[in-house]
Amino acid sequence: MGLQLKKAARAVLAGCLLFALVIGVLPVNAPTAQAASDAVVNVSKTYQEIRGFGGMNHPSWIGDLTASQRETAFGNGNNQLGFSVLRIWIDSDSRNWYKEVATAKAAIAKGAIVFATPWNPPSDMTETFNRYGDTKAKRLRHDKYAQYAKHLNSFVSFMKNNGVNLYAISMANEPDYGHEWTWWTPSEILTFLKYHAGSINCRLIAPESFSYNKTMSDPILNDAQALANVDIMGTHLYGTQLKDFAYPLFQQKASNKELWMTEVYYPNSDSNSADRWPEALGVSEHIHNAMVNNLQTYVWWYIRRSYSPMKEDGTISKRGYCMAQYSKFIRPGYKRVSATENPNNGVYVSAYTGDGKAVIVAVNKGSNNISQKFAVNGQNVTKVDRYRTSGSENLAKTTDLALDGNGFWAYLPANSVSTFVCTLKAPVVTNPGTNTNTGATIANGWYCIKNPASGKYLQVADNKGAAGQNVQAGAKTGGRGEKWYLNKLDNGYFTLTSALGDFMLDVSGAGTTDNTNMNIYHAYSGDAQQFKCKTTSVAGQFGILTKVTDGKSGLHLRVADNTNVVQNAYWEGSNQVWTFEPTN
């Protein structure tokens, strides 16, 4: 990506998908609006978990983001994009790896995840070959596959040693579009995945094809040995027809894997096109199409460019606001839920749940203003706030829309995108660790455990399953290390087993003193691994008390660093209170 030949080719492909642009925008106070069929949202019917939205930083090609631009990209306050995913480049020359560190660390500090993609192996691992008459085509030498895996591992280690724990690493960028980098055939990809990828110490992404090319990914799905070494099926969406967004073979073969869209710009990369309206609204529609077809990320090409979510001067563009209608409100770990996807001509709706909210995004690509009824099933709605981007608005906020039963009516101007953040009524939850409560109880099952005051989740450090691994609190990533299976015991206590394997939450050394560290340890259900909940003054929030102290102490998020979790005397401090969020 980035050179003129490819840029022109992508513009042609993406241009084939362009709709006829509507000239002008109807005023937001137009007196008439077309009635629409109800958009029904069912929060009880869930689909994929959303990993996040973001873009690429590429210091070697266009310069690094500045400190203020990092805040704009990864912060989630006013005039910020709320991005939660950063993609970085793996230079073939390790002497340049340091360039990726600063922005990656800043993104992680804001709660984002970082993944990395190589364009080329080191030059001493490659060779030229004849590809359909092109005698200068480049590929990885077949005797260098093991060495290439070590090269990728070296990047993982370098970043970790510099304070960046990569969420995932890719094996190649667009192996089916190697005109300016390295080609891979499907059989070469299979060979690398089957016999070498298992040695890579990070989640692996493959194949990151140029245009959701199923001929590159189908062979992986159909080979159990190769698929076992892939954690994330990644793709780009340049020129991809809408009919090709669905991937039933992935749902059939790899339902336990993740499905990411790792690079795109849409609908074009024309210079200074980022603010063109209503063209920019196509970004919201494109994201809608990706989400309703079960993709879990949406990652733009360059974060900062004249056609990108952030313009060269560091301000947010219209395309950026259209992305922010999703990225600011649909946070990592939210799940897409059932919604009427096309309730009226030109209107596209998707919906998501998380953190006690239902988030509904409605794109009106049509030339008519729409008066749209939204009905929410599965939980009670107590409040609705609306954010809208149109030709004259950027995330314009209206609070407390009037409720109509368990739904609401909303005005969707022509050529606009609206996000509705619905606060759901908190369920009545009582102590899961005793048998003396009445009403609803937290049943045995999988949970993410959150400290409401900090917004952080109980998680195993580095998402690593190992005896003695530290337990801390951090931003939600959806990793296995923050998922716990609660199993109630007959004595009124319960255990919490990590999704990382046969390890339980454990009071280190069965200590009874303040500041005893919490970790995971081999499951044996001893006193150090037994806990019970103590109700608080807020419904659904609990202290988690330890059996080794006979319930006198509990899990405590250390104020000193707001990260490490220890055992301390319990007094219902805000850093000692937790909620249980059901998860898979």
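## Where two helices cross

At what angle do the axes of helix α5 and helix α6 cross? In this predicted model, the axes of α5 (residues 145–161) and α6 (residues 186–195) cross at roughly 70° and come within 10 Å. Because angles of 65 to 115 degrees count as roughly perpendicular, α5 is described as roughly perpendicular to α6. The crossing of these two helices is right-handed.

Let's look at who meets whom. From α5, the contact takes in Y145, Y148, A149 and L152, and from α6 it takes in E188, T191 and F192. Sorted by class, the residues of this α5–α6 contact are 5 nonpolar, 1 polar and 1 charged.

## On to helix α7

Helix α6 also has a partner in helix α7 (residues 214–221): their axes come within 9 Å and cross at roughly 35°. Here, too, the crossing is right-handed.

On the α6 side you will find P186, I189, L190 and L193, which meet T215, M216, P219 and I220 of α7. The contact of α6 with α7 holds 7 nonpolar residues, 1 polar residue and no charged ones.

## A space inside

Rolling a probe the size of a water molecule over the atoms shows where empty space is left. Searching the whole structure turns up 1 cavity of 30 Å³ or more. The largest cavity holds about 40 Å³ of space.

Which residues line the largest cavity? They are P118, W119, N120, P121, Y148, M171, A172, N173, W181, T182 and W184. By class, this lining has 8 nonpolar residues, 3 polar residues and no charged ones.

Notes. Residues numbered from 1 in each chain as written. Predicted model: local features only at pLDDT ≥ 70, side-chain atom pairs only at ≥ 80, totals over all residues. Heavy atoms only, no water. 1 Å grid on protein atoms, 1.4 Å probe; cavity = no way out; pocket = protein on both sides within 12 Å on 5 of 7 lines; lining within 4 Å. Points joined across faces, edges and corners; volume = space filled by probe spheres on them. Nonpolar A, V, L, I, M, F, W, Y, C, P; charged D, E, K, R; others polar. Axes fitted to C-alpha atoms, helices over the stretch in contact; angles between N-to-C directions. Helix = DSSP H or I, 4+ residues; strand = E, 2+ residues; numbered from the N terminus. Parallel < 35°, antiparallel > 145°, perpendicular 65-115°, else oblique. Left-handed = near helix turned anticlockwise from the far one by under 90°. Contact = heavy atoms within 4.5 Å.
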